[in-house]
Amino acid sequence: MANDDLDVYIDSYSKKWRQALLLLLMTGTPGIFNAIQISSYVFLVDKPSYWCDLPVLRIAGWSDQMILNVSTPKLQAWATMTKLVPSAVYANINHDNQEADEIEMPKKRVGKFVEFFSTFSSLFSTYDLSAKTLICFSCGFVCGLSYYVIALNGDNITADRYIYIASNGIVEGLAYLSTIPLLLYTGRKKAVSGLFLTSGILQLALLAIPQEKSNLLLFVALLGKFCVSAVFSVSLLYISELYPTSIRNTGLGVSLTISQIGSIIAPYIVELLGAKAWYIPSTVCGILGIFVSSLVLMLPETKGTVLPDTIVDIKKTNFVKVTNCCQF
């Protein structure tokens, strides 16, 4: 009988194609806004120092052979090359013809697993990198967890699931758009820490609202979703700027993987802990959000700074320390 009622409801609802189309647009809009927002990073991200144009190399006195081989007879450019490609080996093929010097990659090939492990271990090669990596992992985990806990927590706050999903889509799209002016006028650290703190406070604020006031609960939960969606987007840029070029992809990729672990855990928190008390899922995410906000304050600001190319260059940047909490 229940299945028959459901079929009748779906059939009657499908005839209202205008409402169905509107719902589809509401839920699909965040993906479009996210693509626009990610593409804007091309104009917001600081230019790495190794992105050199040919005219710049010409002015510096580089010859055609130097530009072609990224090497000179006197090894003037070799230091730059070894920074960008640490595994490169200089080989002097013909001592009589210095112009024939070129760069070779070592012939010995290692397994993919060993290569990945070597790259992954470089994220913990120094104390400063280890601290940055752990904080980035925490950001990714809490972002993924909070994002999906709020998305799946509609039933626990007694909200209409259809209105809840559609409203989530609208709020998420607005959150992606808001990050563009936010990054232009504020620092990365201030934006990430502030959004984490605000989302944590909003999710803890649900404790003070009676469950009978479903509309107020929905409004506060959506404000939390706005902050979580925005911080998820901003943290991608911030994490990528914290790492040197040689391990930037690895650091960002592993952080995103950690965020997916949080996404996997989110349904169990909503279903298992939400069955015990409706406010537990949001409370867990609120506490974690405030905790990560305090961790982010210890990171250095990256806006307007020269991005490091290698692990050696990162020693010239600001370290992770408690005193950074007072610097914005």
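In this predicted model, E172 is buried because its relative accessibility is 9%, below the 20% cut-off. K225 has 2% relative accessibility, so K225 also counts as buried. These two residues form a salt bridge, with the closest N and O atoms 3.9 Å apart. The pair joins distant parts of the chain. K225 belongs to helix α11 (residues 214–242) and E172 to helix α9 (residues 161–185). The two residues are 53 residues apart.

The whole structure contains 3 salt bridges. Side chains of opposite charge can pair when their charged atoms come close. Another of the bridges connects E241 with R188, and here the closest N and O atoms are 3.1 Å apart. This pair, too, links distant parts of the chain. E241 lies in helix α11, whereas R188 lies in helix α10 (residues 188–205). The separation is 53 residues. E241 and R188 are both buried.

A further salt bridge brings together the side chains of D128 and K132, at 3.3 Å from N to O. Both residues sit in helix α8 (residues 127–152). They are 4 residues apart, which means that about one helical turn separates them. D128 is buried, as is K132.

The UniProt record, an unreviewed entry, annotates transmembrane regions at residues 21–44, 129–150, 162–185, 216–239, 251–270 and 277–299.

Helix packing was then considered for α8. Two packed helices are described by the angle between their axes and the distance between the axes. Helix α8 packs with helix α12 (residues 248–276) at an angle of about 35°. The axes of α8 and α12 are 7 Å apart. The crossing of α8 with α12 is right-handed. On the α8 side, the contact is made by C136, F137, G140, F141, G144, L145, Y148, V149 and L152. The residues they meet in α12 include V254, S255, I258, S259, I261 and G262. Also among them are S263, I265, A266, P267, I269 and V270. The contact of α8 with α12 comprises 15 nonpolar and 6 polar residues. No charged residue takes part in this contact.

Terms used
Residues numbered from 1 in each chain as written. Predicted model: local features only at pLDDT ≥ 70, side-chain atom pairs only at ≥ 80, totals over all residues. Heavy atoms only, no water. UniProt positions renumbered as here; feature names shortened; annotations may be inferred. Salt bridge = Lys/Arg side-chain N within 4 Å of Asp/Glu carboxyl O. Buried < 20%, exposed > 50% of the residue type's maximum accessible area, 1.4 Å probe, protein only. Axes fitted to C-alpha atoms, helices over the stretch in contact; angles between N-to-C directions. Left-handed = near helix turned anticlockwise from the far one by under 90°. Contact = heavy atoms within 4.5 Å. Nonpolar A, V, L, I, M, F, W, Y, C, P; charged D, E, K, R; others polar.
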